Amino acid sequence: MIEFKHVSVEFNNGKNSVRAVNDVSFTIPDGEIFGIVGSSGAGKSTLMRTINGLEKPDKGEVLVDGKVVNQLSKGELRIVRGHIGMIFQHFNLITSRTVAENIAFPLKVAGKSKAEINKSVDNVLAMVDLEDKKNEYPEKLSGGQKQRVGIARALVNNTKVLLCDEPTSALDPETTNSILELLRKLSSEFGITVVIITHELSVVKSICTHAAVMDNGDLIEINDTYKLFTAPQQSFTRKLIASNEDFTLPESVIEEVKTSNQKAGNYWAILKLVYAGDSASDPVIANAAKKFDVGINVIHGKIEYIKQIPTGELHISIFGKHEEVKAAMDFIGNNVFHLEVLYEQQI
Ligand SMILES: Nc1ncnc2c1ncn2[C@@H]1O[C@H](COP(=O)(O)OP(=O)(O)OP(=O)(O)O)[C@@H](O)[C@H]1O
Ligand SMILES: [Mg+2]
């Protein structure tokens, strides 16, 4: 288990000081695939680096399996760090060494015997499905194969925790999927705790069990992935999700809704409805239109998969007298998984 307790990290560069992480507390249970997302410079990498002691908090504690990492002696830290692997966007392989030599590196540093090293290297090469590349040099490998070597190297020392800082950002979508599949396997078959920083929300949706959102050093929101994406609680999270969606409502559509409802006393809104699983949304909208004196138009709809569970999203415009629209919105809100008001205006 990884526990952050009131962790703050400050950087001082001469006169300037930056609070990279600001009083962050949360827990990552064993065996999770945990995502950390947020804006650039939010403090994600800094927070992750406190887990293996590469960064030391000014305040608070970081515990791994009950040990306070930021209070360990150098020797103790080396042992804890030995079981925490890390992989990076650009793989960080040693180009002058073969795949096997790259993977063996942490064990050599740890002073393991040749026989032990060979056994462990063969073992992790099988885990990442790369036995046939054992004696190749990194330059002969594809991006996906290089990341598999990075993962093998990170796992070679009986690793319990794998830290991944933008692990798929340099990979094409197909290769990304195969690496995500591998991370999922490491979690489910070997019980390894995986922590992933990514700017690709699709990565989080696809494999993370829980995720945290950070902005400007602060922990904004943390939740089960499905809930985080279908019912975000914070406006920063909503904006982050919206900015990552390939769908944004064209201005012309908003203008159209506005101009077609220019009747004095009218009220209009554009709503985003989210429904969980494969529950149908159509009856809810049809019923709202019947029950209340409002007009409703469907603007956009899609179904996607979060943690392999389908979720539907529908954008609708709704207009009429204020009380009627509000009552219809309440009715819809009570009958869908989540309702968000994207725009609203009283004419
Ligand atoms: N070694 C350092 N010295 C000084 N400032 C630093 C150092 N490392 C990080 N920072 C600052 O701390 C803040 C958080 O940086 P961090 O790298 O943790 O963000 P991030 O969320 O990982 O961003 P990105 O998504 O761009 O990788 C930034 O303002 C950054 O400039
Ligand atoms: Mg970073």
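Modeller: In this predicted model, the C-alpha centres of domain 1 and domain 2 lie 40 Å apart. The domain assignment places domain 1 at 2–230 and domain 2 at 245–346.

Biologist: What makes residues of domain 1 and domain 2 count as in contact, and how many are there on each side?

Modeller: The C-beta atoms of two residues must lie within 7 Å. Five residues of domain 1 are in contact with eight residues of domain 2. Helix H8 (residues 225–230) supplies four residues, the largest share of the domain 1 side. By class, that side has two nonpolar, two polar and one charged residues.

Biologist: Why is H5 called roughly parallel to H6?

Modeller: Helix H5 (residues 143–155) and helix H6 (residues 173–190) pack at an angle of about 20°, with their axes 9 Å apart. Angles under 35 degrees count as roughly parallel, and H5 is therefore roughly parallel to H6. The crossing of H5 past H6 is right-handed.

Biologist: Which residues of H5 and H6 meet?

Modeller: From H5 come Gly-143, Gly-144, Gln-147, Arg-148 and Ile-151, and they meet Thr-175, Ser-178, Ile-179 and Leu-182 of H6. This contact divides into three nonpolar, five polar and one charged residues.

Biologist: What surrounds ligand 1, and which element gives the most to its shell?

Modeller: The residues around ligand 1 include Phe-11, Asn-13, Gly-43, Lys-44, Ser-45 and Thr-46. Strand S1 (2–13), strand S2 (16–28) and helix H1 (44–51) each give two or more residues to the shell. H1 gives the most, with three residues. The shell has four nonpolar, seven polar and one charged residues.

How values were computed
Residues are numbered from 1 along each chain as its sequence is written. Chains are lettered from A and ligands numbered from 1 in the order in which they are written. This is a predicted model: local features need pLDDT of at least 70, side-chain atom pairs count only at pLDDT 80 or more; totals for chains, interfaces and linings use all residues. A residue is near a molecule or strand if its C-beta atom, placed from the backbone, lies within 6 Å of it. Ala, Val, Leu, Ile, Met, Phe, Trp, Tyr, Cys and Pro count as nonpolar, Asp, Glu, Lys and Arg as charged, and the others, Gly among them, as polar. Axes are lines fitted to C-alpha atoms, for helices over the stretch in contact, and angles run from 0 to 180 degrees between N-to-C directions. Angles under 35 degrees count as roughly parallel, over 145 as roughly antiparallel, 65 to 115 as roughly perpendicular and the rest as oblique. A crossing is left-handed if the near helix is turned anticlockwise from the far one by less than a right angle, and right-handed if clockwise. Domain bounds come from an automatic or database domain assignment.
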